[in-house]
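This report goes through one protein chain, part by part. Look at the sequence and the structure first, then read on.

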Amino acid sequence: MNDAIVKRPRSIPDQKIAAFTGEGAYHGSTKPRPQAVQVAPAVVVEEMRPTTLEAYAAAGVRSIADFEATFPNRYDVRAILPVPAQDEIMADGVTFCWCHIDEAIAEAGPLTRRVLEEMTKHLRRDKRFVYIDSKIQWFEQGDVPVDSRHWHVDGSIAVRDERVQALGHRLLHDMRARLDGAAPPTYLAYQSSTHCATQFATAPVALRMPELIPNFDELDRQVRALDPPCEAQPASSIVGFDGLSLHRAVAARSAGWRLWIRCTETDHEIRLNPSIVECYGTVFRHG
Ligand SMILES: [Fe+2]
């Protein structure tokens with residue numbers, strides 16, 4: 001069995017639902033994750049090297065400094081495909097969790113395969129791995145596709161080790177390393193529908209923040225206060241962005257099916273915990 005591929009029929013009664021807490025469910029979130037992605041511990045590639053944390057540990061620094069961060073918010077629409085029918089989304093049948101793209105294309109349903117084939121035209125092919133994540137989700141009005149509506153970036157340099165514990169935390173995202181360090185991961189994302197579109201910041205955002213952060217709460221508060229120009233991802237579009245692109249999930253404006261696909265180009269190898277498949281694709285509902 002390949003845990004990165006989920007083949008099963010979809011129906012509205014089968015849609016997994018959990019209470020919205022706002023606490024996480026992004027990869028690299030702060031929520032305890034017994035059923036989460038496990039990262040290969042051995043190799044730290046330059047793209048994911050926590051250089052700030054390394055410097056703190058080497059110098060015995062015990063307090064976290066602030067720095068001036070500018071998020072360039074690279075985001076552009078690469079393609080707009082025909083909006084699929086609701087039945088077509090529901091019947092597509094196969095979703096992926098950190099699946100290599102060639103395998104995903106071979107195993108995908110017809111709708112997903114068309115999107116993946118379009119995505120291949122826009123790949124940079126400058127990283128070691130190209131992974132596909134996808135979800136087919138049924139939303140009632142107000143449902144959220146992930147358990148957070150915070151402004152955040154994908155693929156942050158998240159560390160859980162003794163260096164982090166020495167600073168009094170369980171997890172820290174090395175934001176300075178991501179902003180000042182090696183080229184971040186790059187992404188292509190597709191979402192099928194008008195009723196639940198990810199929101200992307202479309203202009204640079206400059207702010208002062210800690211070099212290491214335990215979660216995205218404070219960054220979200222600052223970005224909301226700055227209220228930068230942003231765009232809702234168009235229906236059935238493929239957009240390009242990277243690990244410095246601020247974006248956030250929004251609640252569904254109406255009921256309906258949505259196909260979401262993300263392609264990640266990264267040097268960082270992902271190893272899966274099989275049980276993640278159990279919770280992947282859950283929607284989050286306010287009580
Ligand atoms: Fe994200």
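## Strand S18 and its partners

Strand S11, residues 186–191, pairs with S18 in the antiparallel sense, and 6 bridges link the two. Two of the positions along this pairing can be named. Thr186 has Glu265 as its bridge partner in S18, and Ala189 has Arg262 as its partner in S18. The model that shows these pairs is a predicted one.

S18 also pairs with strand S8, which covers residues 129–139. These two strands run antiparallel and are joined by 11 bridges. Within this pairing, Ile136 stands opposite Leu259 of S18.

## The six-stranded sheet

In what order do the strands of this open sheet lie? The order is S5-S16-S11-S18-S8-S7, 6 strands in all, and the pairing is antiparallel. S18 therefore sits between S11 and S8 in that order, given that strands count as paired when at least two bridges are found between them. The edges are strand S5 (75–80) and strand S7 (99–100), each of which pairs on one side only.

In a regular strand, side chains alternate between the two faces of the sheet.

## Helix H4 across the sheet

Helix H4, residues 110–120, lies across several strands of this sheet: S5, S8, S11, strand S16 (237–242) and S18. The helix runs at about 35° to S18.

Which residues of H4 are buried? They are Leu111, Thr112, Val115, Leu116 and Met119. Around the helix axis these residues cover an arc of only 130°, which means that they lie on the same side of H4. The face turned away from this buried side carries the exposed residues Pro110 and Glu117.

## The nonpolar core

The largest nonpolar core is made of 65 residues. Cys99, Ile132, Leu172, Leu246, Ile261 and Cys263 have the most contacts inside this core. Strand S8 gives the core its largest share, 6 residues. In soluble globular proteins, nonpolar side chains tend to be buried together.

Cys99 is a residue whose contacts can be listed. Setting aside residues up to four places away in sequence, Cys99 touches Ala4, Ile5, Ala104, Tyr131 and Ile132.

## The three-stranded sheet

Another open sheet has 3 strands in the order S15-S12-S17, with antiparallel pairing. The edge strands are strand S15 (230–232) and strand S17 (247–248), and each pairs on one side only.

Strand S12, residues 199–201, is joined to S15 by 3 bridges, and the two pair in the antiparallel sense. Gln199 has Ala232 as its bridge partner in S15.

## Two residues and their surroundings

Ile213 belongs to strand S14, residues 212–213. Is Ile213 buried or exposed? There are 21 other C-beta atoms within 10 Å, so Ile213 counts as buried; the cut-off for a buried residue is 20 or more. Leaving out neighbours within four places in sequence, Ile213 is in contact with Leu172, His173, Met175, Glu218 and Leu219. Leu171 is 42 residues from Ile213 along the chain, and the C-alpha atoms of the two are separated by 8.3 Å.

Arg163 is placed in helix H5, residues 162–165. Arg163 has 17 C-beta neighbours inside 10 Å and therefore counts as partly exposed. Apart from neighbours within four places in sequence, the contacts of Arg163 are Leu53 and Ala57. Leu53 and Arg163 are 110 residues apart in sequence, but their C-alpha atoms are 7.2 Å apart in space.

## The chain as a whole

The secondary structure of the protein chain amounts to 8 helices and 20 strands. The radius of gyration is 18 Å, close to the 19 Å that the globule rule gives for 287 residues, so the chain is as compact as a globular protein of that length. Taken along the principal axes, the C-alpha atoms fill a box of roughly 60 × 40 × 40 Å.

Of the 287 residues of the chain, 40% count as buried. Among contacts between residues at least 6 apart in sequence, 87% join residues at least 24 apart.

Technical notes. Residues numbered from 1 in each chain as written. Predicted model: local features only at pLDDT ≥ 70, side-chain atom pairs only at ≥ 80, totals over all residues. Helix = DSSP H or I, 4+ residues; strand = E, 2+ residues; numbered from the N terminus. Rg over C-alpha atoms; globule rule 2.2 N^0.38 Å. Buried ≥ 20, exposed ≤ 12 C-beta atoms within 10 Å, placed from the backbone. Contact = placed C-beta atoms within 7 Å. Axes fitted to C-alpha atoms, helices over the stretch in contact; angles between N-to-C directions. Core = buried A, V, L, I, M, F, W, Y, C linked by C-beta atoms within 7 Å. Arc of directions from axis to C-beta.
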